[in-house]
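Q: Can you walk me through this one? I'd like to begin with the cavities and then move on to the helices.

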Amino acid sequence: MGAVPSTPRWGGGALPQGPAEYLIGVFVGEKSFPLGSDYWQKLLELPFDLRWQPHRVRHACEAFAQNNCYTRHLAKLFIHLAWCLQEATSTSDVQSLAIMKAVNALYISSVFLKYLIENAEKDTFEEFYLSIDESEAIPNNFSRDQNIKNLVMHNVLSFIGKVDVSPETYLLHHELLNFMLIAMSTQLVSGPSPGPDDVHPFTDAAMAQESSLVGLVVHRLLLNYIMLRQFPSNSSSYTIFSEGSQLGVLQKIGSAAVNLVLVPLNYLVGSSGEASRSPLANISLNVLLTLIHYRKCVLVESVKDSNDGSAASESLVKEETHFAENPYYKALESAKDIEFDIVDIEGNAHRSPLLRLPFASLFDTLGMCLADEGAVLLLYTLVHGNSDFLEYVLVRTDLDTLLMPLLETLYDAARRTSNQIYMVLIILLILSQDSSFNASIHKLMLPSVPWYEERLLHQTSLGSLMIIILIRTVKYNLSKLRDVYLHTNCLATLANMAPHVHRLSAYASQRLVSLFYMLSRKYASSYTKLAELKNNKMHISNGESRDGDNLPEDMSTELHIYTDFLRIVLEIINAILTYALPRNPEVVYAIMHRQEVFQPFRNHPRFNELLENIFNVLDFFNSRIDAQKVDGEWSVEKVLEVIIITCRFWRGEGMKMFNQLRFTYEQESHPEEFFIPYVWQLVVSRSGFSFNPSSINLFPVEQPLEVSYGAEAANQLPNGEVHGNAVEVDLPV
């Protein structure tokens, strides 16, 4: 190499003079190497065997950040990465040198790009310097006005979407997705509400790609998730990353030495329980969620004339903002089942690119993975945004595949995040809007429910279990009234289910009446406290004031909430008795067994019309039982037997018909304020993606990211509106 300059002293102390050490030292140093220099080929082709500790990596990053404004080495590395990916995409030889060079380029650029993002002094990310200096010579195959961020993202996405995952390309696919998360992590340093001044160079470049490529990328990411591929175990697949006994920059994953190469792998992306099962599936889901939930705020200027009537009036420019359409969400929203016939009923072929997915495999994979919070968010996105997938779910006869893990998540709420619980409840609410779903879940019998510990549940219908878990969720959260919307969603789902209840189990029926009793006690307690506070306040002189004068108003609000909840529960019981009484003798028995709990509200102006039906049923069945002559004491079995027989003669005479409660879920007007922070919380906390907490402005990080955000998260939940056509639930926002 002739006279070789000494390795730049960016780390302090004498450094070894190996080729890899020298090349990295030059990359972060002060000397700028032209885009066409053979230095870049040496950097990307040389297998690295550097065993640096994290502090060495930080020193290198600091030197790079200081010198990149002069050398523009990040921009040049990105250009070479794009060229390598172009070659790897077009070649039929999967063992090509281009793949090795692309992996090396990805790994090196990811380390330094991530540092620049974490330590950016301005949110415009000028520290990237993604351009080539005007005075520098460039090769003929590169145009000086080429947009580098668009160039690199186009080629990254092209390889992901167009090249199949194989043992030879697996590692490159994985590192491309790692790189995408790092490149899109500029969102972490922005505030939670997207604004027109936000700058996200690589994410916006991804959004600007043509629709055909976007569809391929969404398809690939979902296939990666569905197939749950592991890292290939055959070391021969990775010979391209080694030369003899020398280690490559990213040799075979799984090797004990993998954390000793260029930088420790967990410096970029660590491992978690989910990732260890299928790293590619886990990171594909993270990238997909990040892409589909991104919202770009765009500033629009509209010109309006002033209305002052003056001939010399000037036009006033009014600035307005709107959100640009997200092509990745649009692709997912319009995806069809792979069995879907492309030719429509009129025989016309679809002209636009059509994303076709194996809904059956996606359904089964989600069923296996719903213990993971990211899988729950993906399921929510699908059932809320893709009507075809929702319809597919609703016609499945094995709904327990999805419902059982969702219900287990609610059962295990103490160890789940508030956001995860809320997502599950919204999914159940969306499903309960369909009458066929409500009917079919009562036909599917469960031999046992092993995770339910309060009592043994044998031969319980899926519908009965769903009602049991929803009521349990309300009771669990009712002690502190932590989230009004959580209770509202639970009760709204129960209300949608009520007219279709079929042979509700004895335990579920008892829980329903018990829920009314618990709410009635909460109501009575709030009423008593409010009366006492108002009475005490009357004894305070007009000139005095004290802390807590707003307590009566707070108590009044609480009383109003419990009143609404009680009315909804009475509506649920009414719907069962009005539309499904003959099919539910256990509900009748539970009401008769606890009929005294309804008595205090019989003349209440908010409840009396609903209680008329309940007491009508009680009078009918009480009279039939009183007319029976039974030897000895009445037993549960004897009472139930009479109820079952009496149900055959029930005609509903004297019952007032109320409109069926139907609640629907509508996403709030600014969902991005919840979903963008939520997705990145999952990326940071669940995937092991490391990011400097002090640089994160997107969401609060006062406590460890893997810990539930608890009650505070309730204020950040996607408080989508729950609409009912029979009752207005007036709850405070």
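Q: How do the residues lining the largest cavity divide by class?
A: In this predicted model, the lining of the largest cavity divides into six nonpolar, five polar and three charged residues, where Ala, Val, Leu, Ile, Met, Phe, Trp, Tyr, Cys and Pro count as nonpolar, Asp, Glu, Lys and Arg as charged, and the others, Gly among them, as polar. A cavity is a set of points on a 1 Å grid over the protein atoms alone where a 1.4 Å probe fits but cannot get out, and lining residues have an atom within 4 Å of a point.

Q: Which residues lie nearest its centre?
A: Of the 14 residues that line the largest cavity, Pro 194, Asp 198, His 200, Tyr 294 and Arg 295 lie nearest its centre.

Q: And how much space is in there, and how many cavities does the structure hold?
A: The largest cavity has about 120 Å³ of space, and the structure holds seven cavities of 30 Å³ or more.

Q: Switching to helices, how do H3 and H5 pack?
A: Helix H3 (residues 54–71) and helix H5 (residues 97–118) pack at about 75 degrees with their axes 10 Å apart, so they are roughly perpendicular, a label given to angles of 65 to 115 degrees.

Q: Which residues meet there?
A: From H3, Val 57, Ala 60, Cys 61, Glu 62, Phe 64, Ala 65 and Asn 68 meet Val 111, Phe 112, Tyr 115 and Leu 116 of H5, contact being heavy atoms within 4.5 Å. By class, that contact has nine nonpolar, one polar and one charged residues.

Q: What about H23 and H24, at what angle do they pack?
A: Helix H23 (residues 585–593) packs against helix H24 (residues 608–627) at about 90 degrees, with the axes 10 Å apart, which makes H23 roughly perpendicular to H24. Their contact divides into seven nonpolar, one polar and no charged residues.

Q: What is the mean pLDDT of the chain?
A: The mean pLDDT, the predictor's confidence in each residue from 0 to 100, is 81, and 78% of the residues reach 70 or more. Over residues 235–276, however, the pLDDT is below 50.

Methods:
Residues numbered from 1 in each chain as written. Predicted model: local features only at pLDDT ≥ 70, side-chain atom pairs only at ≥ 80, totals over all residues. Heavy atoms only, no water. Axes fitted to C-alpha atoms, helices over the stretch in contact; angles between N-to-C directions. Helix = DSSP H or I, 4+ residues; strand = E, 2+ residues; numbered from the N terminus. Parallel < 35°, antiparallel > 145°, perpendicular 65-115°, else oblique. 1 Å grid on protein atoms, 1.4 Å probe; cavity = no way out; pocket = protein on both sides within 12 Å on 5 of 7 lines; lining within 4 Å. Points joined across faces, edges and corners; volume = space filled by probe spheres on them.
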